[in-house]
Amino acid sequence: VSTQSTWGIDRNAVLDAVYARAHLQIRSNAEPARGPAALKTRVEHIRGLLTEEDIAKIHEVHTLFPNRKDWGEPSDEQAGHAITYMNKVTDGRTFETECPGITGKIMAGIVENDRYAMLDGSDYNFRCIEYHVYTPGGGLSSPTHCDTGSLLTISILLSDPGDFEGGVFQATEPRDPRTQSQRVLRYPAEKGDALLFVSHKYHAVSQIESGERRVLVMELWPMKKNVFDRHR
């Protein structure tokens, strides 16, 4: 498929230039990328970060943490979305203590793919380690949702994409250089794939139509390690 517009402009080349400018802008700022700068960043698709064995272990370990938050109010969308906070100390355990090898593998993937050097020159810790379960009706539809206050977010698919319909990760991208219309790109993933992005970038999850989608989400922030939910 040609990337040339009717005006002879290579749209991918233009977007690459936009992303490159964002890279320089973000590296020059001490504060986390926000607003327009965050929108101009690219989502990194890390294929096959976790193995089937890793994923089976995560499914097992999440049952050790009873602090499951069901979003029952006020919308049907929230009713189909539940979160377990595995960073919360429970009987002396956290995800890190139960899965040190997996934690190390994920952190290595984050550092290796930190395109915008968000972690350079700053102290950082886990803000949250969340096990998400989406069921029919569940999703994340707000067009301006972002992980305010965090540096980087990684989302790892723990389900086979054939086990559910809908539930596709989406992100708001730079405006089309020709039409200036806002662009939302979809990022289909395979089981074990990770999507890494600047936390202030707007992102969403399309509504689940059927089946069940399970995801591991981890956020890094420039504060002390959080051992409660994501808000403390």
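Which residue in E9 is the bridge partner of leucine 152? The partner is valine 198, and the pairing is a handy way into this predicted model.

**Strand E5 and its partners**

- E5 runs antiparallel to E9, and five bridges join the two strands.
- E5 also runs antiparallel to E12, this time through six bridges; in that pairing, isoleucine 154 has methionine 218 of E12 as its bridge partner.
- E5 is mostly covered, with six of its six residues buried.
- Leu152, Ile154 and Ile156 point one way from the strand, while Thr153, Ser155 and Leu157 point the other way.

**A closer look at serine 155**

- Serine 155 sits in strand E5, which spans residues 152-157.
- Its relative accessible area is 10%, and because buried means under 20%, serine 155 falls in that class.
- Setting aside neighbours within four places in sequence, serine 155 is in contact with Asp193, Ala194 and Leu195, and also with Val215, Leu216 and Val217.

**Nonpolar cores**

- The largest nonpolar core has 34 residues, and those with the most contacts inside it are Phe95, Ile106, Ile154 and Leu216.
- Helices H3 and H6 each supply at least two residues of this core, as do strands E4 (125-134), E5, E9 and E12 (213-221).
- Isoleucine 106 is in contact with Leu49, Leu50, Ile154, Ile156, Leu216 and Met218, leaving aside neighbours within four places in sequence.
- A second, separate core has eight residues, among them Ala189, Val205, Val215 and Val217.
- As general context, nonpolar side chains in soluble globular proteins tend to be buried together.

**Salt bridges between separate parts of the chain**

- Lysine 191 and glutamate 52 meet through their side chains in a salt bridge, at 3.1 Å from N to O.
- This pair links distant parts of the chain, 139 residues apart: lysine 191 is in the loop between strand E8 (183-187) and strand E9 (194-198), and glutamate 52 is in helix H3 (residues 52-62).
- Lysine 191 is partly exposed, at 29% relative accessible area, whereas glutamate 52 is exposed, at 54%.
- Aspartate 54 forms a salt bridge with lysine 105, and their closest N and O atoms are 2.6 Å apart.
- Aspartate 54 counts as buried at 10% relative accessibility, while lysine 105 counts as partly exposed at 32%.

**The salt bridge of arginine 93 and aspartate 91**

- Arginine 93 forms a salt bridge with aspartate 91, with the closest N and O atoms 3.8 Å apart; the pair qualifies because the cut-off for a salt bridge is 4 Å.
- Arginine 93 has 26% relative accessibility and counts as partly exposed.
- Aspartate 91 has 68% relative accessibility and counts as exposed.

Methods:
Residues numbered from 1 in each chain as written. Predicted model: local features only at pLDDT ≥ 70, side-chain atom pairs only at ≥ 80, totals over all residues. Heavy atoms only, no water. Helix = DSSP H or I, 4+ residues; strand = E, 2+ residues; numbered from the N terminus. Buried < 20%, exposed > 50% of the residue type's maximum accessible area, 1.4 Å probe, protein only. Contact = heavy atoms within 4.5 Å. Core = buried A, V, L, I, M, F, W, Y, C linked by side-chain atoms within 4.5 Å. Pairing = 2+ DSSP bridges.
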